[in-house]
Amino acid sequence: MAIPAGLSATRRFLRSRIRTGLIRSRNSFVPAIQMTVCAVGAYAFAEYVLGHSGPLFAATSSLIALGFSREPRLRRVMEVGLGCTIGIAVGDLLLHWLGGDIWVAAVVLLFSILLARFLDSGNIFTTQLALQSLLVVLLPAPSGGPFTRSIDAVVGGMCALLVTILVPKDPRQEPRRDVQKLLHELAEVLRECAGALANSDSTQAWHALIRGRNCQPLVDAMRQSLRASGEVATLAPAYRRHRDELDRLKQSLDFIDLALRNSRVFARRLTSAINHTALSDEATDSIAGVLQETAAAIDELSLGLAETHEGVRRAHLRTARRDLSEIALRLHPKLLEVTRLEGETVVMLFRPLMVDLLEATGMDAAEARDVLPAL
């Protein structure tokens with residue numbers, strides 16, 4: 001029985017790996033074409049236009065600079081391109097002064113690493129500068145002169161930069177995907193809190209708190225995506241018209257980040273309220289219902305922020321704003337049948353979270369606060 005079970009598990013594993021690999025290859029098809037064209041173009045320009053013999057560093061610099069990055073980040077392309085160029089120039093210079101012995105390679109590598117750390121804190125920049133310097137020393141010198149390879153590196157970096165500016169991928173793609181992940185996690189945090197109330201399970205509420213804490217890397221990743229996408233939208237003529245949408249996503253992210261922080265505070269207080277039996281059965285049902293409805297409204301908000309069609313996007317945001325406003329009108333301890341002080345604290349901590357969500361839909365801060373019932 002053990003052998004057939006093992007074979008079945010192996011087949012499932014191989015099918016999964018093959019399926020994942022095919023999806024990854026399919027998604028990488030267009031970037032792979034861009035990298036190929038860029039590398040061959042840089043090589044051809046250096047060889048046929050500049051007359052360099054075997055300009056290997058033109059192709060390698062462009063390939064390394066483009067790479068398979070998560071987002072179309074111009075800083076990364078410039079960082080890698082400059083790292084390659086400076087590294088090759090340093091290697092050429094030291095090779096010209098000191099010769100090509102093995103001890104020179106050690107000196108070049110040490111000097112390149114320290115120079116890279118002096119110029120920039122980026123890890124990619126340091127690695128590329130040091131690697132290219134080392135290759136310059138170890139590989140035979142070209143026939144075109146001591147700094148031919150430095151010029152080739154400049155050609156490769158410029159080709160990569162041109163491809164990034166002129167043929168970028170849609171800069172809205174990553175931020176939209178990120179905001180969906182982020183809002184999904186926030187909705188699930190609230191659903192776990194609702195489940196904790198329904199089951200009187202403080203451990204489940206604590207798990208919701210942990211899940212909320214684990215969302216911070218998603219927030220940081222989206223900020224990076226928005227920064228990179230903003231660079232592309234500013235420089236790429238084809239996507240300049242999308243800068244307003246990226247600005248709106250950035251504003252929404254600020255409010256979503258605040259809502260996540262408030263959800264963690266809420267989950268922590270809910271854990272204590274469940275442990276101390278601070279809520280009656282009626283209050284428990286009311287607050288659990290509010291949490292479930294809020295999670296559903298967050299799903300609607302997610303659809304709106306990630307939507308590509310402007311009219312559909314506005315419709316989703318209107319629906320989310322309306323649903324959240326209706327929920328906000330009930331956020332009063334008496335309306336939710338809460339009588340004890342600790343239970344009232346739970347309701348009070350949920351109110352700022354609701355304001356953050358309303359602002360994420362595009363509502364003005366004062367208007368969002370006015371939706372809440374007076375205390």
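Me: What makes the second largest pocket, with a volume of about 240 Å³, a pocket?

Reply: The second largest pocket has a volume of about 240 Å³. A pocket is an open set of points on a 1 Å grid over the protein atoms alone, with protein on both sides within 12 Å along at least five of seven lines. The model is predicted: local features need pLDDT of at least 70, side-chain atom pairs pLDDT 80 or more, while totals for chains, interfaces and linings use all residues. Residues are numbered from 1 along each chain, and side-chain values use heavy atoms, without hydrogens and water.

Me: Why are H11 and H14 called roughly antiparallel?

Reply: The axes of H11 (residues 243-275) and H14 (residues 341-360) cross at roughly 165° and come within 8 Å. Angles over 145 degrees, on a scale from 0 to 180, count as roughly antiparallel. H11 and H14 are therefore roughly antiparallel.

Me: What classes of residue make up the contact of H11 with H14?

Reply: The contact has 15 nonpolar, 5 polar and 4 charged residues. Asp, Glu, Lys and Arg count as charged; Ala, Val, Leu, Ile, Met, Phe, Trp, Tyr, Cys and Pro as nonpolar; the others, Gly among them, as polar.

Me: How much of residues 29-46 is helix?

Reply: Residues 29-46 are 100% helix and 0% strand. A helix is a DSSP run (H or I) of at least four residues, a strand (E) of at least two. UniProt, in an unreviewed entry, places a "transmembrane region" at residues 29-46.

Methods. Angles under 35 degrees count as roughly parallel, over 145 as roughly antiparallel, 65 to 115 as roughly perpendicular and the rest as oblique. UniProt positions are given in the numbering used here, feature names are shortened, and annotations may be inferred rather than shown by experiment. On a 1 Å grid over the protein atoms alone, a cavity is a set of points where a 1.4 Å probe fits but cannot get out, and a pocket is an open set with protein on both sides within 12 Å along at least five of seven lines; lining residues have an atom within 4 Å of a point. Grid points are joined across faces, edges and corners, and a volume is the space filled by probe spheres set on the points.
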